[in-house]
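Dear colleague,

Please find below the structure that I am handing over to you. My notes on it follow directly after.

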Amino acid sequence: MLTLRTHDQGEQGREGEARHCHALRVRLAAADTVDAGSFAPAAGRPRLWRQRVPAASTEPEAVRRLELEMARPVTAARGVRAVLVDYADGAADLVLVAHRGAYGRRALHELAQALLRGTGPGSLPERGGRTGESRSAVFAPAPAWGLGEPERGPRAPGNSGPAEQWAQNWIALPAGVNGDSAGWLAALAVVLGRYAPEEEPVVAALGAGDDEDVALLPVDLMGSKTLGDVTDALRDLLRTAPTSATPPVTAGLVLALDEAGSRAVEEPQGGGPGGTEGEYVPFLAPPFPLTLTLVREADGGFALRCHYRPRAVCATVASQFVRHLVEVHRQVTATPWLPVADAELYDKPERDRIVQLGRPGQSAGQPAGQHVRHAPHRIDEVFQERVAQRPEALALSDGDTRFTYRELDLWSNRLAHGLREVGVRDGDLVGVCLERSAELVALLLAVLKAGAVYVPLDPAYPAERLAYTVENSGLGVLITALAEIPGRQELRVVTPARLAELGADRADVPPSKATAMDPAYVIYTSGSTGRPKGVLVPHANVLRLLDATRADFGLGPEDVWTFFHSVAFDFSVWEIWGCLLTGGHLVVVPYWASRSPEQFRELLRARGVTVLNQTPSGFAQLVEAERTQAPDLAVRLVVFGGEPLDGRRLLPWLDRYPESRCRLVNMFGITETTVHVTAETFTRAMALAGSRSVGTALPGWYLYVLDGARRPQPPGVAGEIYVGGAGVALGYLRRPELTAERFVPDPFTGGRMYRTGDRGRLRPDGRLEHLGRIDNQVKLRGFRIELGEIRSVLAECPGVDTAVVVLHQDDPEDSATARLDAYVVLSEGSVTGLRERLARRLPEYMLPATITALPELPVTANGKVDLAGLPAPVRIPGPRRAESSGQGPDSSQEGPGQDSSEEGPESDIRTELIDVWSEVFGLPVSASDNFFELGGNSLLAVRMAAVMRERGLPSLHPRTLYLHSTVQALAAELRPSG
């Protein structure tokens with residue numbers, strides 16, 4: 001049975017000292033059993049204070065006063081505080097609180113004995129021990145692996161500042177459990193190895209030696225074959241008790257085994273006065289974020305106490321950690337020959353509970369997708385149902401052109417017959433390479449009606465990328481308006497106009513034997529090897545996605561959606577079919593409107609858009625454009641996807657569109673699992689807390705967080721995310737080896753699941769926290785570094801709107817050239833101040849070598865942060881060197897405007913533009929500089945237009961900048977006419 005108590009330890013300023021203090025309490029039969037002379041200070045003797053409590057020793061007031069007295073730390077300089085607490089019923093407590101740097105445990109016991117006997121100063125133990133400074137480095141601020149979202153505790157009574165909260169779990173150990181220190185430390189090392197498999201566990205033992213040193217014990221689990229090997233290695237290390245202050249540890253074991261239960265002080269010899277009972281508190285504030293204390297009970301058995309920080313470790317996970325430690329210790333004792341890799345943290349019932357966490361609403365073993373509507377139809381067949389229900393309802397609009405469901409149906413039927421005329425048959429792959437338009441939507445629908453599979457290609461992609469997709473997919477037909485398309489010799493290229501001509505006389509739907517389980521589309525995604533891979537997704541998966549979200553999101557005929565994203569990005573699948581298969585109105589967003597937040601916002605207002613789908617990076621630009629406008633949008637639902645969401649950036653939107661008016665949903669998903677997997681309604685409270693939760697699995701989907709051996713990780717512990725259920729794709733096109741590697745058997749259901757390569761952890765309530773890509777972890781000069789961790793610290797700094805951190809290596813053959821580069825968007829503050837804050841938060845090896853401030857981070861066509869598009873970093877001095885002005889790496893360069901000697905309107909505009917460009921890019925700019933060569937992108941173009949508008953310069957349309965990309969050319973284009 002676990003019992004839970006929470007104690008306030010006072011202000012955080014006192015907690016640092018409290019970690020180094022321990023306390024001893026001895027219950028006396030009466031206060032006068034202590035020699036009265038010991039109350040007076042003397043040479044070598046601490047003063048013994050007397051505190052009278054007007055309550056019996058068993059009354060709540062007396063208990064409270066005693067607990068407060070034992071919780072007050074002392075400084076190393078003072079050494080010890082001795083207090084006699086005298087109660088109204090005649091009983092008394094002798095309380096000693098000492099700093100470990102002055103009195104170790106043995107010395108503290110000797111001091112208590114001396115005070116009880118009333119002996120002279122010469123017999124008192126001398127102060128001695130370490131200052132505690134070398135030990136302070138081991139106190140990690142929070143578990144490195146994270147144990148779930150912090151639980152917020154109350155403030156300490158009468159304390160206006162935040163209180164550091166501690167909680168503890170007690171568990172009485174079964175009879176027969178031994179107190180062998182090495183065995184418990186071995187169990188602790190194995191559990192830590194499972195909780196943080198990427199790190200070599202370092203366990204800490206406090207009180208392992210007579211001098212009270214902290215023993216830091218690195219454990220080589222990989223080199224240890226059995227549990228017994230780990231125990232023997234730790235036993236050897238305990239003999240030497242190394243005290244190195246690095247690295248910091250997450251969990252430590254406090255050994256309090258030489259006291260028989262609560263009897264902290266032996267009865268004095270020689271018949272002198274003595275204590276009838278006592279309590280030894282090995283620390284006032286636990287020295288480690290997760291501190292395990294092993295104590296011997298009065299009956300000879302053992303108990304385990306776990307102190308933890310509720311702000312870093314939730315109660316459920318703290319309880320499970322203790323449970324897992326006890327279970328592994330049982331295996332260490334009973335089966336020392338067991339291989340370390342085979343040690344189990346939990347039994348089958350607990351494993352089943354963990355597996356069930358990622359399957360909300362499903363019973364164990366239930367086949368995926370049973371509780372959502374079976375989807376026997378194809379996408380185009382469900383579209384036909386919507387046509388029959390509301391033929392004259394508005395289905396699609398593109399600028400001033402509008403189409404009803406009946407008109408879109410007839411249009412796509414003719415195009416489908418045109419495809420048949422050029423040889424397209426059931427199951428064929430048809431490439432579609434067109435700009436975003438109503439025609440593109442009609443053609444995608446036509447491909448499906450022809451029983452074929454559409455392969456979207458973005459005409460903005462580089463020629464090499466288009467050629468690879470055409471070749472790899474083996475396309476026989478490509479629909480495009482481009483004049484030149486690189487590709488296979490056998491490829492037949494056809495224009496939309498030609499297809500319309502070929503099918504002009506047909507209005508019916510061409511017959512097809514394609515089924516719901518046949519592929520509907522193939523979308524190519526980036527691969528870690530640099531080779532894009534095509535993902536085959538069947539019709540049924542898309543319909544299951546809509547079944548899983550329609551009711552919850554309230555999707556229906558009254559909704560107006562936007563078609564905003566590239567058709568080669570799977571977000572477009574959700575936008576197009578999510579709208580048309582629920583009877584909504586789909587608004588095509590023109591390319592230039594998607595690049596101008598102001599134009600996009602006006603489109604949302606004018607068309608009354610209610611459902612908006614955005615990447616967080618793209619939405620941030622809309623929020624900025626929204627600030628100066630009246631909150632008159634009709635948007636009721638915003639769905640985020642494609643990249644991690646920083647909830648704090650949603651606060652300005654929530655100020656204008658509160659939760660009761662507009663619902664914000666954060667969704668995690670992958671192309672291989674059909675766009676979305678989880679959903680989390682994001683509240684203001686979550687935004688303020690910076691929550692990383694992406695919610696629970698959608699109905700019909702399920703997920704696991706597994707370790708390297710594909711065992712479930714305990715709640716709160718990071719591992720790789722696996723996804724199963726209704727959305728798992730058919731596999732990769734023409735990549736059987738990769739399909740077998742990533743689409744693997746589900747060991748718990750016998751089905752198939754997708755190995756995502758994403759890192760995450762399940763909370764005890766079943767919500768998933770997404771922690772980035774597994775390959776986002778880098779190694780620099782021997783240190784393992786999670787780039788997401790540095791980014792999170794940057795994002796928490798005041799004035800930082802968003803940030804990204806990358807590893808650069810100038811010379812691939814020379815690891816000494818590797819460095820961390822950070823890029824930030826600042827709303828206030830400076831890079832200098834940012835580096836100073838980072839230096840206080842991060843170890844030196846995690847500090848970025850450069851921090852480059854940008855107006856906006858570049859994004860890809862899919863709206864994700866474009867790492868390849870980041871400009872060369874601006875090198876700035878480190879925190880120990882003089883800071884530069886931040887105006888560029890070389891102030892001796894030719895200054896802005898030096899090549900602008902001509903006079904006249906064009907010269908004036910050019911001079912202004914040079915100033916604007918210098919401000920936006922943060923470096924000197926000349927008239928011949930090219931916007932894109934400087935690292936410009938669509939988001940910087942937006943920022944540049946805003947700065948020009950603020951300065952009263954001519955308005956800048958993104959298209960103008962794309963066509964006139966140097967200062968000189970742009971000035972000529974913008975000069976006043978006449």
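The buried residues of helix α3 are Arg105, Ala107, Leu108, His109, Leu111, Ala112, Gln113, Ala114, Leu115 and Leu116. Buried here means under 20% relative accessible area, exposed over 50%, and partly exposed in between (1.4 Å probe, protein chains only). Helices (H or I, at least four residues) and strands (E, at least two) are DSSP runs, numbered from the N terminus.

Please note that this is a predicted model, in which local features need pLDDT of at least 70 and side-chain atom pairs count only at pLDDT 80 or more, while totals for chains, interfaces and linings use all residues. Residues are numbered from 1 along each chain as its sequence is written, and side-chain values use heavy atoms, with hydrogens and water left out.

Because 10 of its 13 residues are buried, α3 is largely enclosed by the rest of the structure. The end C-alpha atoms of α3 are 19 Å apart, which agrees with the 18 Å that its 13 residues should span at 1.5 Å a residue (the expected span is 1.5 Å times one less than the number of residues).

Ala102 lies in the loop between β5 (92-99) and α3 (105-117), and is buried at 1% relative accessibility. Its C-alpha is 5.1 Å from that of Gly79, although Ala102 and Gly79 are 23 residues apart in sequence.

Arg420, in helix α9 (residues 405-421), is buried at 15% relative accessibility.

As for cysteines, Cys306 is buried at 0% relative accessibility. A search of the whole structure finds 0 disulfides (pairs of cysteine sulfur atoms within 2.5 Å).

Yours sincerely
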